[in-house]
Protein chains: 4
Amino acid sequence: MKATKPILTPHDPEYAERVRESFERQGAMKLIGATLAKVAPGEVEIYLPYREDLTQQHGFVHAGIVTTIVDNACGFAAYSLMPADASVLSIEFKVNLLAPAKGDGFIARGEVIKPGRTITVCNGEVYAPGEDNKLIATMTATVIMLQGRSGIPQG
Amino acid sequence: MKATKPILTPHDPEYAERVRESFERQGAMKLIGATLAKVAPGEVEIYLPYREDLTQQHGFVHAGIVTTIVDNACGFAAYSLMPADASVLSIEFKVNLLAPAKGDGFIARGEVIKPGRTITVCNGEVYAPGEDNKLIATMTATVIMLQGRSGIPQG
Amino acid sequence: MKATKPILTPHDPEYAERVRESFERQGAMKLIGATLAKVAPGEVEIYLPYREDLTQQHGFVHAGIVTTIVDNACGFAAYSLMPADASVLSIEFKVNLLAPAKGDGFIARGEVIKPGRTITVCNGEVYAPGEDNKLIATMTATVIMLQGRSGIPQG
Amino acid sequence: MKATKPILTPHDPEYAERVRESFERQGAMKLIGATLAKVAPGEVEIYLPYREDLTQQHGFVHAGIVTTIVDNACGFAAYSLMPADASVLSIEFKVNLLAPAKGDGFIARGEVIKPGRTITVCNGEVYAPGEDNKLIATMTATVIMLQGRSGIPQG
């Protein structure tokens, strides 16, 4: 990227704890066995070990499961910058699947490229850590911040 | 859509059985409890009952799980039209999340909008069946057909 | 679509006039020769006659020009539902290019699939009107409504 | 990006000349006043000076015009790596519009993130060169290589 990177400053000094608590409340993360690997301002990494019950018909991890971890990495990257009483929802994302998800485990990394009052945009990637850190998928995600919106429990 | 819909003719009369066999080989579908609800030429539906272990931090089904079923519905919709020795891979998709995934269960529907020799494009949607069949998410997916590509077991 | 279609009610009875005025202010539409063909609540069509100076290297209309008209059709479809003092901006879109843009002219059609207070989601398509109304491109667009946001003159 | 970047080697030593010739054949680039600013293996930049006839209703350059230059930057970045007899077509792209396109001029930069025999994936960005090189838009584009496909004149 040749455009200037944004300065990413969290509104809430307790951002990392807040991200961890919200992550813990996700049944889906427990089900698939994902864990939080890194929390920094505007940047989150999630680790997913390979498991056979996460696969599609060719034995690779299912594109939807790959999406699940990178959507989360992007959503929490956005969430890390927000005020303590905010919650976030992905409103849309786009995934390119560049290589089959094979390997012992996978890192999903989300990074804020445009923080905003209402809308935050993140880039994500999934790679298989190893000699060549092979890139498996990329994501661009648009996340909306909600404050006190009825029907949405705070994150 | 005002553009003419494509005529969707399967290459393989055994297409429905082939889709069902491939679906059965997906560990991820068993893990989340999804089942195949409809298989027609260029159109597939998948049903997912609500479960607490599929949720995100607000108690709705996780966007990644929603993506998992609609990616599958799109991929199998494409697969239903293909020759018996072909396999398919999603190369990219884009999801818009229109409403929280709450309800007793969800239908993901995939439909081919442009069949092709190499590239097939599908539209997908997820809704909560009920009085108003509330639309939860839409997908556009690009699927590639592989024939005898090394390293990819045939679907 | 099997999900229920939304009911699309404009906030402003003068919506059609408002759309036409905003369209007229777009230098880009004059440059490429596009005209407004239909304005209904949540649905807009734009017509673009073929011109050689709109082409890419193979003589088809450039994908970016195709995008220009369908982005507009989507944006104005969203705008047609909004209050008189609102303006709209596309925050993201995704385009699938299904067939080369060849023909005497092209219709871009945008339609609201999810109206909202802040975020509206639209589907778009571009086709070459004729015997078979051949589908050339599809779009999904996310549009944000702005009211009194500094720096953005009202639409 | 923490995943390893791909090594980008052009098949054709005359790649830069080939890109320039193909660019020259695009009527649309002349119409909007865009020029080729950089051609390297897997990386292309296009410059677009601001003009009033490129604008939308708020006086910013139209999102479709922004898309036109970054789609081209991505397509030519892919094309720069391909054999001399190949041509390329974008099959889909996704654009996030991060800031209004205001400024004296704009750079669109396309970069290959995954080269392939059939499918190449590129990232693109548009920024307003200046003190802060403000990021205006990002793109992810999927490009297909065609060789001797009937009906498509070679690029």
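Reader: Where is Asn133(C) found in chain C?

Author: In this predicted model, Asn133(C) sits in the loop between strand S5 (119-128) and strand S6 (134-147) of chain C.

Reader: What is the phi of Asn133(C), given that it is not a glycine?

Author: The phi of Asn133(C) is positive, about 40°. Yet Asn133(C) is not a glycine.

Reader: Where is the place of Asn133(B), and what is its phi?

Author: Asn133(B) belongs to the loop between strand S5 (119-128) and strand S6 (134-147) of chain B. Asn133(B) is not a glycine either, and has a positive phi of about 40°.

Reader: Now to chain D. What makes Ser90(D) count as buried?

Author: Its relative accessibility is 17%. Buried means under 20%. The value of 17% falls under that cut-off, so Ser90(D) counts as buried.

Reader: Which strand holds Ser90(D), and which residues does Ser90(D) touch?

Author: Ser90(D) lies in strand S3 (residues 86-97) of chain D. Leaving out residues up to four places away in sequence, Ser90(D) touches Asp71(D), Thr142(D), Val143(D) and Leu97(C).

Reader: Why is the link between the side chains of Ser90(D) and Asp71(D) called a polar contact?

Author: The side chains of Ser90(D) and Asp71(D) are joined at 2.7 Å. A polar contact needs a pair of N or O atoms within 3.5 Å, one able to donate a hydrogen and the other to accept it.

Reader: How do you know how chains C and D are related?

Author: A turn of 180° and a shift of 0.0 Å along the axis do it, with an RMSD of 0.0 Å. The two copies are therefore related as by a two-fold rotation axis. The same surface serves both copies: 100% of the contact residues of chain D recur in chain C.

Reader: Which residue of chain D comes closest to the rotation axis?

Author: Lys94(D) does, with its C-alpha at 2.0 Å.

Reader: How are two packed helices described?

Author: By the angle between their axes and the distance between the axes. Take helix H1 (residues 15-24) and helix H3 (residues 63-79) of chain B: the angle is about 145°, and the axes are 10 Å apart. The crossing of H1(B) and H3(B) is right-handed.

Reader: Which residues of H1(B) and H3(B) meet?

Author: From H1(B) come Arg18(B), Val19(B), Ser22(B) and Phe23(B); from H3(B) come Asn72(B), Phe76(B) and Tyr79(B). The residues of this contact divide into four nonpolar, two polar and one charged.

How values were computed. Residues are numbered from 1 along each chain as its sequence is written. Chains are lettered from A and ligands numbered from 1 in the order in which they are written. This is a predicted model: local features need pLDDT of at least 70, side-chain atom pairs count only at pLDDT 80 or more; totals for chains, interfaces and linings use all residues. Side-chain values use heavy atoms; hydrogens and water are left out. Copies are superposed by least squares on the C-alpha atoms of residues with pLDDT of at least 70 in both. Contact means heavy atoms within 4.5 Å. Axes are lines fitted to C-alpha atoms, for helices over the stretch in contact, and angles run from 0 to 180 degrees between N-to-C directions. Helices (H or I, at least four residues) and strands (E, at least two) are DSSP runs, numbered from the N terminus. A crossing is left-handed if the near helix is turned anticlockwise from the far one by less than a right angle, and right-handed if clockwise. Ala, Val, Leu, Ile, Met, Phe, Trp, Tyr, Cys and Pro count as nonpolar, Asp, Glu, Lys and Arg as charged, and the others, Gly among them, as polar. Buried means under 20% relative accessible area, exposed over 50%, partly exposed in between (1.4 Å probe, protein chains only).
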